[in-house]
Amino acid sequence: LHPVLARLTSGPAALTMNNVQNVSSKYAAELDKYAERLVYDPETRTAFMKKAGIQAWREERLYSSWESALLKEGLISRWVLLMGKGYGI
């Protein structure tokens, strides 16, 4: 995160950091809910399978659960950056 922030906040077109927030836990919880809906909600499951097929449904379940686990273990993280021109906080 630090190299990205350094690049964004320096140079002739520098941005100002207004807010930075680690949303890893919140995003992991949303991924868990999504993966659960894919399995247990008949409407969600059927709509996804009709649109993408059973193989893609299986992959989506796996990837959602896997990403959630990586976030929970701190192996990856998700950040929200609020940047702008002008004065920061």
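A residue is called exposed when its relative accessible area is over 50%, buried when that area is under 20%, and partly exposed in between. The legends below apply these terms to a predicted model.

**Figure 1. Close-up of the salt bridge between K72 and D32.** The side chains of K72 and D32 meet in a salt bridge, with N and O 2.6 Å apart. Because K72 belongs to helix α4 and D32 to helix α2, the pair ties together parts that are 40 residues apart in sequence. K72 has a relative accessibility of 54%, and therefore counts as exposed. D32, at 28%, counts as partly exposed. In total, 2 salt bridges are counted in the model.

**Figure 2. Close-up of the salt bridge between K33 and E30.** The closest N and O atoms of K33 and E30 are 3.7 Å apart, and the two residues form a salt bridge. Both K33 and E30 lie in helix α2, where 3 residues, about one turn of the helix, separate them. An α-helix has 3.6 residues a turn, so residues three or four places apart point the same way. K33 is partly exposed, with a relative accessible area of 47%. E30 is likewise classed as partly exposed, at 40% relative accessibility.

**Figure 3. Helix α2 and its buried face.** Helix α2 comprises the 17 residues 24–40. At 1.5 Å a residue, the helix should span 24 Å, and the 24 Å between its end C-alpha atoms agrees with this expectation. The buried residues of α2 are S24, A28, L31, A35 and L38. Seen down the helix axis, the buried residues of α2 fall within an arc of 80°, so they line one face of the helix. The elements that cover these buried residues include strand β1 (16–22) and the helices α3 (42–52) and α4 (54–72). On the other side of α2, the residues S25, K26, E36 and Y40 are exposed.

Figure 4. S68 lies in helix α4. Its relative accessibility is 1%, so S68 counts as buried. The side chain of S68 reaches the backbone oxygen of A28 at a distance of 3.3 Å. Not counting residues up to four places away in sequence, S68 touches A28, L31 and D32.

Figure 5. At 4% relative accessibility, S64 counts as buried, the limit being 20%. Leaving aside neighbours within four places in sequence, S64 is in contact with L31, Y34 and A35.

Figure 6. A14 has its place in the loop between α1 (2–8) and β1. With a relative accessible area of 26%, A14 is partly exposed. Not counting residues up to four places away in sequence, A14 touches L8, T9 and K85. A14 and E43 are 29 residues apart in sequence, and their C-alpha atoms are 46 Å apart in space.

Definitions and conventions: Residues numbered from 1 in each chain as written. Predicted model: local features only at pLDDT ≥ 70, side-chain atom pairs only at ≥ 80, totals over all residues. Heavy atoms only, no water. Helix = DSSP H or I, 4+ residues; strand = E, 2+ residues; numbered from the N terminus. Expected span 1.5 Å × (residues − 1). Buried < 20%, exposed > 50% of the residue type's maximum accessible area, 1.4 Å probe, protein only. Arc of directions from axis to C-beta. Contact = heavy atoms within 4.5 Å. Polar contact = N/O pair within 3.5 Å; in protein donor to acceptor, adjacent residues only side chain to side chain. Salt bridge = Lys/Arg side-chain N within 4 Å of Asp/Glu carboxyl O.
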